[in-house]
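Let's take a friendly walk through a protein model, one piece at a time. Keep the picture open beside the text and look for each part as it comes up.

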Amino acid sequence: MDPTSDYHFLNQILWRRVKLTLVCGIFEGVLQHVDPNKIVVLKKVKNVETDRSVPGVKMFFGHEIVNEEEEVTYTVIDQFQQKFGAAMLHIKKQSVLSVAAEGANVCRHGRLCWLQVATNSRVYLFDIFLLGSRVFSNGLQMVLEDKRILKVIHDCRWLSDCLSHQYGILLNNVFDTQVADVLQFSMETGGFLPNCISTLQESLIRHLKIAPKYLSFLEERQKRIRENPELWFTRPLSPSLLKILALEATYLLPLRLVLLDEMMSDLTTLVDGYLNTYREGSADWLGGMERTCMELPEELLRLKDFQRQRRERAAKEYRVNAQGLLIRTVLHPKKSMTETAGKKGKVRGFLLCKNSRLDKAPNFTSHKDVNLLKEESKSKQTTVESQHLPPIKEEVSEDSSNKRICPESEGFKDQRITLKEYLKIPKQEFQTNLSLKEEIEQLLMVENKEDLKCTKQDVLVSPSFPQETRVSPSDIFHPFRKAVLPTHPPCPALEKTDSWINPDSPNLP
């Protein structure tokens, strides 16, 4: 048992049934407690091998646990008698529920086969293929359109299109975890946007800190669909596939809670500062304070410091593509290395959205910044040899919730471009493995070299002269270079790290 990744996973499924495979047997029970020191406590325990129940609670130690998996309890609704009525009564009482869907090309032109609805205690699998449109007219449509019931969905676009054009249902009051992931990324980086959206698997790994081995059901789902595109039409559906359907909807509810906490971290920090503003201040100063003063308090001005720090941090940790979007590393890609065309060398591939709106892409480097970089580059050296930008091959990543794919934008062929040409081609699909600072720096060097050629100045370059000038990436953001870091306590979002990558992270409970 890995004490770090397993602890995160088990913490997310407290009070649910789990199956523990031990060195000496297999046990099932309700997870009551999990300890960082590899101690797991179950109640209502049953020995799977002997089918005998163990009274009270039972404690298991990490060194004897070989594997652990969540036992999902679900109800298949494939007829209107008995189960359907009870399911609708339970669902209508909820204020928040998660929704997922499976079928063949789920949209207005496809076919919806399964609709999964999960609450905090139950999971229902509605067989739309057998029940037909009556399942919506008998209660589900009212739930999906109800503004008082929050529906948690990952990428609601395809299901919304399908329900609207095939069943006349307008989805309402939706919390989309894919949209929330982008918003959280923008807050974390001080206003930047990622170059691509996240799959359900990536979101669960990034935010719930679940180890990839516990999400193997999503990879199994993709594999089965590739082998049989009409998989969801099969009746009866195997228990393994039914479990996959249930798990897809189950994880959405805790994912929403974590995303909300991350997006509300700034509010929490600012309110904490507000609480201490007068409480820890001087009584004399408080007596001269007018309640009618509406100037922005110093405690709220910290938000500006948070954003500046995040932008500077993002400039160091991410690269920027031609559209001005931060290149987000794909978590656990199938092929992390791709061969470049005509070369034996390999470069790392990244997932880029082909349908990015170039006309609305933000420009994070002003003309003043470019001029400043140009002056600095002239003072450092007179000329350097121009470099060829390495192209990146196309790579495709499958979404864990539907068949839609997000292809990587194709890189340019090796070529030399000037800074003026670079500024005139914002809509080109331009990709480089260099940071934005290094990219602009080398383009300025190319322009310097052309200017020197025009004036017929012969400058010899030593073979050992470096072809790349490294500078601090934070210099890109000129307006923030001279800012002084605040002395206030840092925002929790700034201390955020990917704990699932670093098992020794102090953020682990």
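## Strand 7 and its two neighbours

Strand 7 and strand 10 run parallel, joined by 3 bridges. If you want to find this pairing in the predicted model, look for Val 96, which stands opposite Leu 150 in strand 10.

Strand 7 (residues 96-104) also pairs with strand 8 (residues 111-118), and here the two strands run antiparallel, with 7 bridges between them. Strands 7 and 8 form a hairpin with 6 residues between them. In its turn, Asn 105 has a positive phi of about 50°. Is strand 7 mostly covered or mostly open? It is mostly covered, as 9 of its 9 residues are buried.

## A close look at Ala 118

Ala 118 is found in strand 8. Its relative accessibility is 1%, so Ala 118 counts as buried. Which residues does Ala 118 touch, leaving out those up to four places away in sequence? The answer is Leu 97, Ser 98, Val 123, Ala 249, Thr 250 and Leu 253.

Ala 118 also shows how folding brings together parts of a chain: Ala 118 and Glu 248 are 130 residues apart in sequence, but 9.4 Å apart in space, C-alpha to C-alpha.

## Helix 5 and what it packs against

In helix 5 (residues 157-167), the buried residues are Leu 159, Asp 161, Cys 162, Leu 163 and Tyr 167. These buried residues pack against strand 7 and strand 8, along with helix 3 (128-131), helix 4 (134-145) and strand 10 (150-153). Just after helix 5 comes Gly 168, which takes a positive phi of about 70°.

## Two pairs of helices

Packed helices are described by the angle between their axes and by the distance between the axes. Start with helix 6 (residues 177-188) and helix 10 (residues 252-263), whose axes come within 10 Å and cross at roughly 25°. Helix 6 and helix 10 are therefore roughly parallel to each other, and their crossing is left-handed. On the helix 6 side, the contact is made by Thr 177, Ala 180, Asp 181, Leu 183, Gln 184 and Met 187. Helix 10 brings Leu 252, Leu 255, Leu 259, Glu 262 and Met 263. By class, this contact has 7 nonpolar, 2 polar and 2 charged residues.

The other pair is helix 11 (residues 265-279) with helix 13 (residues 298-317). Their axes come within 9 Å and cross at roughly 145°, and the crossing is right-handed. Asp 266, Thr 269, Leu 270, Gly 273, Tyr 274 and Thr 277 of helix 11 meet Glu 299, Leu 300, Arg 302, Leu 303, Phe 306 and Arg 310 of helix 13. Sorted by class, the contact between helix 11 and helix 13 has 5 nonpolar, 3 polar and 4 charged residues.

Methods
Residues numbered from 1 in each chain as written. Predicted model: local features only at pLDDT ≥ 70, side-chain atom pairs only at ≥ 80, totals over all residues. Heavy atoms only, no water. Axes fitted to C-alpha atoms, helices over the stretch in contact; angles between N-to-C directions. Helix = DSSP H or I, 4+ residues; strand = E, 2+ residues; numbered from the N terminus. Parallel < 35°, antiparallel > 145°, perpendicular 65-115°, else oblique. Left-handed = near helix turned anticlockwise from the far one by under 90°. Contact = heavy atoms within 4.5 Å. Nonpolar A, V, L, I, M, F, W, Y, C, P; charged D, E, K, R; others polar. Pairing = 2+ DSSP bridges. Buried < 20%, exposed > 50% of the residue type's maximum accessible area, 1.4 Å probe, protein only.
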